[in-house]
Amino acid sequence: SHAQEALPVSWAAHPVLALEPGSVIELAEVHSVRSSWQHGISLAPELAWPLATLEGGDEIDLSRIRGDDGWAAVLYGEPPGRVEARTPAGARLELDWDRTFAPSLRVWQSYGGWPVDGEPREQVALEPCTSEHDDLAGAVAAGDARTLEPGGELRWWLRVRVGGEAAGPDGGAG
């Protein structure tokens, strides 16, 4: 850093995944998550993972990728184990990262509920991050922003593994 004073830092990877309905997000050893933002769905601030109870009493499996349900949410957790997305055809993507630098995972799910005033999108992102806050100001206020010292650097690692059998356009392995 060329700054003359220490700078607060908040970091998140933002891999947006093209996951078809019926795919599954697996967060090994995670039993609860926190909701920080939502639209078109009634999630409690703290909820069970993967089976959460909506405010109306209905249950929803947050790990199952859906179609156009008209909702979007930002969820946070601290998965100590495997983070994986699997398609019905058996393709899978696994994320691993330096949890001492980025202990949290943001799960972004939009099933036609975002943008609120624009063309709705269906997208899912699994985002390793340094804080369970949506912005740097929130991370600083909570005391969990990273600090970049003058002349210093921050280092961390992120590993993505892809595997399994995926069906190609003709139905065969691709």
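At 34% relative accessibility, tryptophan 156 counts as partly exposed, a class lying between buried (under 20% relative accessible area) and exposed (over 50%), computed with a 1.4 Å probe on protein chains only. The model is predicted, so local features need pLDDT of at least 70 and side-chain atom pairs count only at pLDDT 80 or more, while totals for chains, interfaces and linings use all residues. Side-chain values use heavy atoms, with hydrogens and water left out, and residues are numbered from 1 along each chain as its sequence is written.

**Aromatic pairs**

- Across the whole structure, a search finds six aromatic pairs, where rings of Phe, Tyr and Trp (its six-membered ring) pair if their centres lie within 6.5 Å, and planes under 30 degrees apart count as stacked, over 60 as edge-to-face and the rest as tilted.
- The rings of tryptophan 11 and phenylalanine 101 have centres 6.1 Å apart and planes at 50°, so this pair is tilted.
- That pair links distant parts of the chain, 90 residues apart, with tryptophan 11 in the loop between β1 (7-9) and β2 (16-17) and phenylalanine 101 in the loop between β10 (92-97) and β11 (104-114); strands here are DSSP runs (E, at least two residues), numbered from the N terminus.
- Phenylalanine 101 and tryptophan 156 form a stacked pair, 4.3 Å centre to centre with 0° between the planes.
- This second pair also links distant parts of the chain, 55 residues apart, and places tryptophan 156 in the loop between β13 (146-148) and β14 (158-163).
- Through these ring pairs, Trp11, Phe101 and Trp156 are linked into a cluster.

**Burial in the cluster**

- Tryptophan 11 and phenylalanine 101 are both buried, and phenylalanine 101 counts as such because its relative accessibility is 7%.

**Charges over rings**

- Arginine 146 lies over the face of phenylalanine 101, at 5.7 Å from the ring centre; a charge sits over a ring if NZ of Lys or CZ of Arg is within 6 Å of the ring centre and within 35 degrees of the ring normal.
- The charged end of arginine 99 sits over the ring of tryptophan 97, 3.9 Å from its centre.

**Pairing of strand β4**

- Strand β4 (residues 32-39) runs antiparallel to strand β5 (residues 46-48) and is joined to it by three bridges, two strands being paired if DSSP finds at least two bridges between them.
- Serine 32 has alanine 48 in β5 as its bridge partner.
- β4 and β5 form a hairpin with six residues between them, and glycine 40 in the turn has a positive phi of about 85°.
- β4 also pairs in the antiparallel sense with strand β8 (residues 71-77), over five bridges, and glutamine 38 stands opposite alanine 73 in β8.

Methods: Helices (H or I, at least four residues) and strands (E, at least two) are DSSP runs, numbered from the N terminus.
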